[in-house]
Amino acid sequence: MVPLGGGTRGLLLYLFKKGTRGETKRGKQQTWKRWWLSWTLPLPSLFIIKTGQRRRIRFSFLSRTLVLCVALFPYPQDTPKTFTFTSLFPTTCINSFMHCLQLPFPLLFEPSPDNATMSEHENGPLEHPPWPDMKLPERLLTGAIRELHSKIESQWDPLRQSACQTAAGRALWKHAVNDPLADILAGETYLRRLHEKMKNDQINNAREVSGVILAVRTLWFDSKIEAAVSSFEDGEAQVVLLGAGMDTRAYRLSFLKDSHIFEVDFDDVLQVKAALIDAAEKDKHSQVKAKSLTRLAADIREEDWLEKLKQSGYNSERSTVWVLEGILYYLPPSHAMEVLKIIADKCTYTKTVLLADFMNKPSTTLSNSTFQFYSDWPDRLLPSLGFSDVKLSQIGDPDANFGLMNDDPLNLFNKLRSLPRSLQIHPEDGTPCRRLYLVQASGSPIQVLS
Ligand SMILES: C[S@@+](CC[C@H](N)C(=O)[O-])C[C@H]1O[C@@H](n2cnc3c(N)ncnc32)[C@H](O)[C@@H]1O
């Protein structure tokens with residue numbers, strides 16, 4: 001059916017009314033009254049109309065059918081469903097007329113959000129379409145890529161597989177995060193799984209849509225890496241990604257053109273990642289944008305990882321950004337602390353920036369996942385290790401929002417931000433305060449000496 005605008009419907013209604021003109025004044029009034037009733041009260045008007053003259057019965061019936069057809073079916077696609085259905089009832093018929101005349105809705109009726117996307121409802125200014133049915137990119141369906149992903153699913157433990165989950169988040173939040181390789185690195189299973197969750201969130205009017213934390217976190221790290229790299233005066237910087245997983249910053253961030261990137265992860269993760277990118281269609285997205293990219297297979301729980309990093313070209317005297325995104329809480333506490341100490345120690349040699357996300361205790365203890373390390377106060381912990389400048393953000397803060405959060409105080413993240421960080425249980429609803437801290441810490445030899 002061709003969608004007709006409100007103006008067209010208004011014209012049709014006018015022409016329809018014109019059709020009553022041959023009648024007497026009283027006849028006209030009665031016809032108009034019936035027409036009005038038939039429009040506003042379709043069911044009761046059946047009875048009223050039946051008591052009229054046969055000619056008018058037909059006319060009124062026709063009028064009702066015509067008006068309802070015009071009013072109900074050819075609504076433009078952006079008309080909320082609730083509006084269409086409730087326009088059958090007298091309390092909202094005024095809205096119908098206002099719509100016909102292209103005037104704003106009066107206060108009698110507030111359009112329901114059921115036709116709005118969750119992000120419009122929850123996340124304010126950044127508009128994105130409702131999650132459509134997932135259409136897998138063709139390149140994901142090729143034999144080589146399917147084979148690599150079936151290996152991931154059958155042979156990798158949940159720790160390694162977490163890399164694909166993260167990539168799925170970036171792939172499905174593509175209206176916010178530009179990561180063209182993310183879908184191929186995530187694979188069909190993880191994409192479908194997250195897509196299903198997002199759809200359910202939307203259907204259930206959830207206040208937060210799954211994956212939003214990943215999107216915000218990725219954008220936060222991107223922006224802080226850019227700021228750190230551009231703050232180094234000595235030209236070529238180093239960016240070390242510990243637990244790099246399916247991170248594609250070396251491919252997607254052009255501000256890294258003068259930086260040397262080191263990706264550290266388990267051997268099998270790095271091998272499959274390289275194979276997936278190789279198997280992907282060769283285009284500009286699979287070209288490294290960074291000055292160099294070195295992949296280092298290492299387990300950062302072992303003592304030798306720093307030595308291995310040095311052997312692979314890492315220079316202890318060069319300004320370095322250490323990126324620990326989605327990794328610290330997977331480590332046993334003693335190992336996480338050891339890694340943080342090793343990085344803090346670098347502040348005595350060169351300009352050092354650490355970017356890391358920390359879970360608080362309720363986040364790790366209440367999850368089914370294998371989270372281990374937590375810190376409730378990373379902004380106290382890191383200075384104690386040797387960092388001179390520490391800034392902590394929470395999801396939803398001005399620098400960790402990116403237009404993906406709205407101001408609704410009932411939004412989970414806003415609720416948490418409004419509570420003192422010392423609280424682990426929400427005083428109103430008794431739910432645990434599960435927080436994710438985004439932390440930037442830095443130090444340099446000058447600051448360490450002074
Ligand atoms: C949740 S993923 C995060 C990946 C990436 N940083 C991102 O944000 O997309 C965690 C990654 O840490 C890696 N990882 C976990 N423990 C590790 C360890 N002891 N040594 C090296 N990598 C590890 C896993 O293999 C996985 O790729």
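## Terms and model

A residue is called buried if 20 or more other C-beta atoms lie within 10 Å of its own, exposed if 12 or fewer do, and partly exposed in between, with C-beta atoms placed from the backbone. Helices (H or I, at least four residues) and strands (E, at least two) are DSSP runs, numbered from the N terminus.

This is a predicted model, in which local features need pLDDT of at least 70 and side-chain atom pairs count only at pLDDT 80 or more, while totals for chains, interfaces and linings use all residues. Residues are numbered from 1 along each chain as its sequence is written.

## The chain as a whole

The protein chain holds 20 helices and seven strands. Of its 450 residues, 37% are buried. Two residues are in contact, or touch, if their C-beta atoms, placed from the backbone, lie within 7 Å. Among the contacts in the protein chain with a separation of 6 or more, 69% are between residues 24 or more positions apart.

## The sheet

The seven strands form an open sheet with mixed pairing, in the order β3-β2-β1-β4-β5-β7-β6. Its edge strands, each of which pairs on one side only, are β3 (292–297) and β6 (389–394). On average, neighbouring strands of this sheet are turned by 15 degrees against each other, direction ignored; such axes are lines fitted to C-alpha atoms (for helices over the stretch in contact), and angles run from 0 to 180 degrees between N-to-C directions.

Two strands count as paired if DSSP finds at least two bridges between them. Strands β1 (residues 237–242) and β2 (residues 259–265) run parallel and are joined by six bridges, and Val239 stands opposite Ile261 in β2. β1 also runs parallel to β4, with four bridges between them; here Gln238 has Thr320 in β4 as its bridge partner.

## Strands β4 and β5

β4 (residues 320–324) and β5 are parallel and share five bridges. Trp322 stands opposite Leu354 in β5, and the bridge partner of Val323 in β5 is Leu355.

How many residues of β5 (residues 352–359) are buried? Eight of its eight residues are, and the strand is mostly covered. In a regular strand the side chains alternate between the two faces of the sheet. In β5, Thr352, Leu354, Ala356 and Phe358 are buried on one side, and Val353, Leu355, Asp357 and Met359 are buried on the other. β4 is mostly covered too, with five of its five residues buried: Thr320, Trp322 and Leu324 point one way, and Val321 and Val323 the other way.

## The nonpolar core

A nonpolar core is a set of buried Ala, Val, Leu, Ile, Met, Phe, Trp, Tyr and Cys residues joined through C-beta atoms within 7 Å. In soluble globular proteins, nonpolar side chains tend to be buried together. The largest core here has 90 residues, of which Ala186, Leu242, Val321, Trp322, Val323 and Leu355 touch the most other members. Helix α12 (residues 212–231) gives the most to this core, with 10 residues.

Leaving out residues up to four places away in sequence, Leu355 touches Phe221, Lys224, Ile225, Val321, Trp322, Val323, Leu324 and Gln440.

## Around the ligand

The shell around the ligand has 20 residues, and Ser162, Ala163, Gly243, Gly245 and Gly326 come nearest. A residue is near a molecule or strand if its C-beta atom, placed from the backbone, lies within 6 Å of it. Helix α9 (residues 158–172) gives the most to this shell, with five residues.

The shell has nine nonpolar, five polar and six charged residues, where Ala, Val, Leu, Ile, Met, Phe, Trp, Tyr, Cys and Pro count as nonpolar, Asp, Glu, Lys and Arg as charged, and the others, Gly among them, as polar.

## Single residues

Ser393 lies in strand β6 and counts as buried because it has 20 C-beta neighbours inside 10 Å. Ser393 touches Trp220, Asp399, Ala400 and Leu438, not counting residues up to four places away in sequence. Ser393 and Leu438 are 45 residues apart in sequence, but 5.1 Å apart in space, C-alpha to C-alpha.

The loop between β6 and α19 (412–417) contains Asp407, which is exposed, since 9 other C-beta atoms lie within 10 Å. Phe402 is also found in the loop between β6 and α19; with 18 other C-beta atoms within 10 Å, Phe402 is partly exposed. Phe402 is not a glycine, yet has a positive phi of about 55 degrees. Asn205, not a glycine either, has a positive phi of about 55 degrees and lies in the loop between α11 (188–203) and α12.
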